[in-house]
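Let's take a walk through this one, starting with a helix pair and then moving over to another chain.

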Amino acid sequence: MGQERFADVVERFTSGFAADVPAEMIKQWQEEFERGFRRLKNLHEMTVNPAEPKTGQTPRVEVYKRNKSRLYRYESARTHRTPLLFVPNLGISRPYIFDLLPGGSFVEHMTRQGFDFYLLDWGVFGPEDNDLTVEECVVKILPRMAKRVLATSGTDELSVLGYCMGAPISASFVASHPEVPVKNFVNMAGPIDFTKVGLFGLWLSKQNFNVDRFVDTLGAVPADMVKAGFKLLKPTMDLSTNVNLWWNLWNDKYLEGFQALNKWANEYVAFPGEFFRQWVRDFYQDNKLYRGELVMGGRTVRLEHITCPVFVVGAKEDYIAPPACVRALIDAVGSREKEYIELPGGHISLIAGRGAATHCWPKVSGWLAPRS
Amino acid sequence: MVDGPVPNQLFEQWRKQFEEGAQAWTRLLSQAPPTTATPDPTAFWRPVLDQGVQTWAKLFAQTPATPELLTQWKQFLDQWIEAWSKVLGQTMGTEQFAKAMGQSLDQFLVTSAPAKKIVDQQIEQALQALNLPSRSQVTAVAKQIVELEDRIERLEDSITAVLRHLANKEPP
């Protein structure tokens with residue numbers, strides 16, 4: 001094949017000399033046209049008749065509720081005796097990302113591996129919750145959740161897994177509640193050393209952000225503002241998402257996953273005002289957790305008091321919780337058995353998507369299995 | 001057909017250009033005194049963009065028309081977005097940007113606070129005149145319910161503890 005231009009190919013096609021074109025290339029073009037047609041068809045379907053993604057399909061039972069917070073139990077064949085309490089982020093987003101779609105769900109993976117999975121859903125907060133603090137989560141809500149896990153599973157020990165903001169919150173709980181029998185602790189993409197937390201650390205620093213004025217004026221952090229903050233963190237994200245969507249729009253399977261993930265990615269949740277104040281001041285600005293200066297319910301939170309086996313998972317391209325700030329837990333805890341792994345991808349890649357199912361979830365369940 | 005390494009080299013060259021440009025831009029931004037106007041990014045990038053567009057036009061003209069071109073175009077777009085992402089990331093990672101953002105947020109809060117207070121007061125008065133509960137009153141009731149739930153739970157815990165204690169005391 002010589003140096004031909006597309007116009008020349010069209011010319012030969014239209015002049016009836018298609019026989020000169022290699023059959024392989026004709027086939028390639030046919031496939032491309034077919035993909036193009038399917039793209040248009042799916043785009044039409046998406047805009048005219050958008051289907052509501054069926055997220056959160058793994059069967060579950062609500063075992064406890066406290067104000068807006070719920071504790072859900074996903075029962076398994078229970079190959080492993082120790083149940084797992086999963087503590088996600090409070091505010092920001094909804095927790096159905098952990099049970100996105102059948103075949104692409106962290107909850108489903110863990111239950112199939114034989115773990116009784118307990119998901120803490122912090123809930124969607126309103127103005128009546130503006131007095132909720134991080135301290136209340138650590139000293140009131142989490143101990144009760146842990147108690148319910150033990151009561152409903154009939155065991156005397158549990159594992160705790162914190163994801164994102166849920167990791168420092170649950171680490172504070174484990175460190176300050178030695179009476180709660182925590183057998184294993186897992187931190188997935190949870191910031192611990194807030195001096196290494198990247199752009200959010202810079203933007204929320206004392207010099208650049210007056211948290212008191214913010215909370216006193218607005219009362220809470222509205223969902224739209226949370227959204228704006230996260231969009232600003234990666235301004236090209238929407239563009240690359242749409243480019244990838246167009247590129248893969250012919251693929252029905254991709255489209256199904258995209259719609260579910262996109263629904264989640266655009267459903268932001270507000271922060272209660274006092275929670276945000278304490279979160280920014282104690283964690284981002286003063287780094288009290290890592291420095292051992294955090295006091296919760298009259299108890300000093302010292303990470304070295306965590307002595308159970310600890311597993312930490314960081315993501316290489318995580319710009320919300322960069323690996324360095326996540327890894328810091330390894331050096332801070334008092335555990336003898338501790339392990340850190342760094343996986344490819346970003347913050348969300350650990351809990352959703354094909355990469356998570358291949359790289360991350362089997363590692364988490366594989367680490368927990370012999371210890372449960 | 002197009003050889004694989006040619007576009008890859010081109011991408012590499014592009015990436016390098018963007019990265020060097022991004023660093024220069026960030027340097028420029030961080031060194032500029034506060035009174036200086038922000039440099040025009042379009043003017044700064046124009047030579048780089050022109051060169052890239054020309055190279056791509058040449059490549060397209062010399063390449064046979066296979067669907068692989070689309071794949072290469074997608075790769076180019078991805079690289080281009082990634083390069084811009086880096087540029088923006090570097091700019092937003094400067095102390096100047098953080099300071100400017102903090103100041104504009106502060107400005108917004110300072111100006112909106114009195115307006116918000118007035119609106120809140122007026123709504124409160126209007127609701128009172130209509131004999132309807134205000135948002136703060138409804139919120140206060142919700143808070144009371146949460147507190148009551150909390151108390152009930154504490155009572156439940158105490159009763160369970162007492163019952164367990166009694167059960168342990170009873171002879172078998």
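Axes here are lines fitted to C-alpha atoms, for helices over the stretch in contact, and angles run from 0 to 180 degrees between N-to-C directions. Helices (H or I, at least four residues) and strands (E, at least two) are DSSP runs, numbered from the N terminus. Keep in mind that this is a predicted model: local features need pLDDT of at least 70, side-chain atom pairs count only at pLDDT 80 or more, and totals for chains, interfaces and linings use all residues. Residues are numbered from 1 along each chain as its sequence is written, while chains are lettered from A and ligands numbered from 1 in the order in which they are written.

In chain A, look at helix H7 (residues 211–218) and helix H11 (residues 273–285): their axes sit 10 Å apart and the packing angle is about 175 degrees. That makes H7(A) roughly antiparallel to H11(A) (the label for angles over 145 degrees). On the H7(A) side, A:Val211, A:Asp212 and A:Val215 meet A:Gly273, A:Phe276, A:Arg277, A:Val280 and A:Arg281 of H11(A); contact means C-beta atoms, placed from the backbone, within 7 Å.

Among chain B contacts between residues at least 6 apart in sequence, 83% join residues at least 24 apart.

The number of buried residues in H5(B) is zero, so the helix lies largely in the open.

Note on methods
Parallel < 35°, antiparallel > 145°, perpendicular 65-115°, else oblique. Contact = placed C-beta atoms within 7 Å. Buried ≥ 20, exposed ≤ 12 C-beta atoms within 10 Å, placed from the backbone.
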